[in-house]
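Please look at the sequence and the structure shown here before reading on.

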Amino acid sequence: MDAEASLDSLPQDPGTERPVRMVDPELVKRWGSAKGELVELLSQVRERAGGVAGFRLGPGLTVLVTDPQAVQEVLALRADRYVKRSHRARLLIGDGVMAATGEAWKRQRRLLQAQFTGTGMRRFEQRITEAARSTSERWEAYARTGEVLDVGKEMHRFALDAIWRSLTGHPLDDETALELEAVTAVGTALPTLPADAEQARDSVATDLARIDAVAERAIEAARSGVTGPDGPGVLHVLVDAGAERPEYTDQLIRDELVTLLAAGHETTATTLTWLYLLLDQYPAAREQALAEGGEGSERRRRAIQALIHETLRLYPSAWLLPRHAAEDDTLAGHTVEAGTDILVCPYLTHRDPRLWPDPERFDPRRFLTPGGRPAHPGAYLPFGIGPRACLGLQFALRESTILLEHLLPAFTPSFSSTPTKASYGITVRPAGPTPATLKPVAV
């Protein structure tokens, strides 16, 4: 371990302050010349300067934060000082809750929070289960015929079906599924779009129009009182809010609907795809999870959830969380000036060998064994922490668990090829298709 980098892991006198360690500008220059992935630069910054490290991508200062205590301070303890200025997906989600700030964000978050916790979450159980059964039936057909499927596309279809049922009360039909592929298309394109807002919008105008058309039809159906087989969904709550609160215009309802569609399926689908790719490398992990208990048992459920958590450790839903220092502050003993850009990087925190022994290895037992994972809340944050943590956390974990309870005991994908790299955009995706055939598991 680099002696200087390890300084950040040592206890600091709370009465002392020191400047953020800066990385040699030549490192950033070489990275830019090579046109490497941002994650490669951030990895080198962390390695050379520790858990609170400064560098310059442009004229302003950027501080990379991977130290757990500093992560907790930025996202949870002093979230009012480290704020979101905008969201990279605003072109897609508009003023939805993920992009909103200030009092607007508080109002929007308050309305939606109740839908995705406690009693609200229990209303979705049957809808998620039906989506999982539909996926299981498709997989049974694939297993009988030997037809090749793409595991990533299957996970997207399941996750989109689960969130669509929860939002509208209706199962996802083929036509709507086809139109909503535009959500993924825009999300994938975002990191490469022109900096000019008008040019960026023009680049994805066709896909945005497809999304808007689906949203308009769904909103009109909800407003007319149409409900699905399982009753009203979250969209009906938004429409009801529009009848009582002037701020809930049709545009804001559209933005919230698209936000929940995008966030509610993309991250779950990606996590499940990674999980199956990891199980292909570590097949014993699947056997160990199923051996923990019988069908429907709490022991098996905990073991499946450990598979999910370990996947999220390696490939967190939010791999990079940008913030902006609204005022001068002292961050984990480091002086941070107002105006500094902050990059919290769960991806690197989750792969820090000082926190996670043998961090590159897929080992779900970390989440089953007492003391197997760090206790500090800033050491594991696949959905963020603090007031802006993902409000769909419980939904994502529950739908992933339910699907795996259906699929893991019955099928094993045999991949004909697997992606060799990851793509680091808004999420961390496998960089390529995931074709496979299914082997039914003998009972």
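## Reading the model

This is a predicted model, in which local features need pLDDT of at least 70 and side-chain atom pairs count only at pLDDT 80 or more, while totals for chains, interfaces and linings use all residues. Residues are numbered from 1 along each chain as its sequence is written, and side-chain values use heavy atoms, with hydrogens and water left out.

Helices (DSSP runs of H or I, at least four residues) and strands (DSSP runs of E, at least two) are numbered from the N terminus.

Strands of a sheet pair through backbone hydrogen bonds, in either a parallel or an antiparallel way. Here two strands are said to pair if DSSP finds at least two bridges between them.

The pairing of β8 with β9 (residues 334-336) is antiparallel and runs over three bridges. Within this pairing, Leu 331 stands opposite His 334 in β9.

## An enclosed cavity

Rolling a probe the size of a water molecule over the atoms shows where empty space is left. On a 1 Å grid over the protein atoms alone, a cavity is a set of points where a 1.4 Å probe fits but cannot get out, whereas a pocket is an open set with protein on both sides within 12 Å along at least five of seven lines; lining residues have an atom within 4 Å of a point. Grid points are joined across faces, edges and corners, and a volume is the space filled by probe spheres set on the points.

The structure holds one cavity of 30 Å³ or more, and the largest cavity has a volume of about 40 Å³. Its lining includes Thr 267, Ile 308, Phe 383 and Ser 400. At least two lining residues come from each of α14 (250-281), α16 (298-314) and α18 (393-407), with α14 giving the most, three residues. By class, this lining of the largest cavity has four nonpolar, five polar and no charged residues, where Ala, Val, Leu, Ile, Met, Phe, Trp, Tyr, Cys and Pro count as nonpolar, Asp, Glu, Lys and Arg as charged, and the others, Gly among them, as polar.

## The second largest pocket

The second largest pocket has a volume of about 700 Å³. Of the 26 residues that line this pocket, Asp 150, Gly 152, Lys 153, His 156 and Thr 184 lie nearest its centre. The elements giving two or more residues to the lining include β6 (149-150), α10 (181-189) and β13 (428-430), but the largest share, six residues, comes from α8. Nine nonpolar, ten polar and seven charged residues make up the lining of this pocket.

## Salt bridges

The structure holds 30 salt bridges, each a side-chain nitrogen of Lys or Arg within 4 Å of a carboxyl oxygen of Asp or Glu. One of them joins Lys 106 and Glu 103 (3.4 Å, N to O), which both lie in helix α5 (residues 102-113), three residues apart, about one turn of the helix.

Arg 361 forms a salt bridge with Asp 358 (2.6 Å, N to O) and another with Asp 363 (3.2 Å, N to O). Relative accessible area is called buried under 20%, exposed over 50% and partly exposed in between (1.4 Å probe, protein chains only). Arg 361, at 30%, therefore counts as partly exposed, whereas Asp 363, at 10%, counts as buried.
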